[in-house]
Amino acid sequence: MSETLERWGSRRAFILAVTGAAVGLGNIWRFPYMTGENGGAVFLLLYVVFVLILGLPIMMAEILVGRAGRRGPMHALAHLARQAGVSPHWRWLGLFGAVTVFFILSFYSVVSGWSIEYLIESVNGNFSGRTPDEIGASFDAFLADPLRMTFNHTLFILLTMSVVAAGISGGLERLNNLLMPLLYILLVVLVGYAVTTDGFGTAMAWLFTPDLEAITLSVVLNAMGHAFFTLAVGACALMAYGAYMPDHQSLPRAVAAVAVLDVAVALLAGIAIFSVVFSQGMDPAEGPGLMFVTLPIAFSDLPGGPLWLGVFFLLLLLATWTSSINLAEPLVAICTDAGLKRGKAAALIGSLVWLVGLLSVFSFSSLSEVKWLAGMNFFELVTTVPLEFFLPIGGLLIAIFAAWIMPASTAMRSLDAGPGGFRLWRGLVRYVSIPLVVIVLLSALW
């Protein structure tokens, strides 16, 4: 297998691509409700700490494997394993990552379809004048309507795979260069609006004044798990991006830039969301329903609420779109490595993801009573097992491979941080990050 021929056109393109993969539902949907359920500022503080000592070192490990192999994940792992004199069966980690990404995309597309529905509803002003019970009932009715759910799911898959089919420079890079800056502009505009609300001061105090007495084992474990999840590590997707990384780009600097951009999205989204929630005297600990039930209720009674709610769901749609595009790329890369042309590979992957996604669509209607494992329907299963089990397992194995299996000279050259930086990174991965991933995995099993 020859080296990957395509490269990101610039250092900025690589950073925006990895940020696009990382920024998505985890930042705008999961971070706010996790923060709300886990004490606000203390969760935020722990989350940032674990991003630094858990997420970033393993993100570097995953990218440097791809950069060293200059191939798709399976071929890169097999090639580097042979170099290290160990079994080429390490390549199956690439397949495991692809399966993880596949199932994540299957529910990601369905949930992203909700943002399409809510964007349309918001622009049409359909939430104005409704009572909280009516808004909640409207959401339930939408979930129970498989035709509307399927339409939005299909539309999102088409939006995603049409970009992936266009390739690295013509598709992913061009769209990332356009949408990622737009995403940050929308976030800043929303925060500017939040500043004008009555709840802004309360939200800032709640987010940035930690009560250390609120730290519990549960809060620590949740912060650890979210730091791992939000950076999109553990599924070998970033390994594929490492293969496209420019030759003379510092990996630590690039990853640090990604972390700053990723955390910034979560913080800005939190400020915007909780300012609105506190303005209406609502409970920030509303759980997963915070996005699709609580926020429409909160915005509906504010001046210009329908407009700002529409801006928010446009932001969510852009974030999930860029994330799904960047997560789909490794799946398509596996097919192109096998000899398929990119357009056919994108069509094949898109069709399969769409079909499996239908199981999530119907989990809210005709398949709602069908239980697959531990009493979960398919949507509950696919939003639990890949995120809480597959990603930590993948991250653990990637970290072991990069820090213990790969030849030190190969890893150091790919990290591009000098001997001292390499020793610091490898020591951090071996003796801090790997044990923390084990704790994340055991906490999910527990």
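**Ground rules.** I number residues from 1 along each chain as its sequence is written, and side-chain values use heavy atoms, with hydrogens and water left out. As the model is predicted, local features need pLDDT of at least 70 and side-chain atom pairs pLDDT 80 or more, while totals for chains, interfaces and linings use all residues.

**Aromatic pairs.** I paired rings of Phe, Tyr and Trp (its six-membered ring) with centres within 6.5 Å, calling planes under 30 degrees apart stacked, over 60 edge-to-face and the rest tilted. The count came to 28 aromatic pairs. I then looked up W206 and F278, which are edge-to-face, with 5.6 Å centre to centre and 70 degrees between the planes. This pair links distant parts of the chain, as W206 is in helix α9 (residues 200-208) and F278 in helix α12 (residues 251-279), 72 residues apart. Helices here are DSSP runs (H or I, at least four residues), numbered from the N terminus.

**Next ring along.** F274 and F278 have ring centres 6.5 Å apart and planes at 40 degrees, so I logged the pair as tilted. Being four residues apart in helix α12, they are separated by about one helical turn.

**Burial.** I took buried as under 20% relative accessible area, exposed as over 50% and partly exposed as in between (1.4 Å probe, protein chains only). F274 is buried at 0%, whereas F278 is partly exposed at 21%.

**Charge over ring.** My rule was NZ of Lys or CZ of Arg within 6 Å of the ring centre and within 35 degrees of the ring normal. The charged end of R430 sits over the ring of W404, 3.7 Å from its centre.

Methods:
Helix = DSSP H or I, 4+ residues; strand = E, 2+ residues; numbered from the N terminus.
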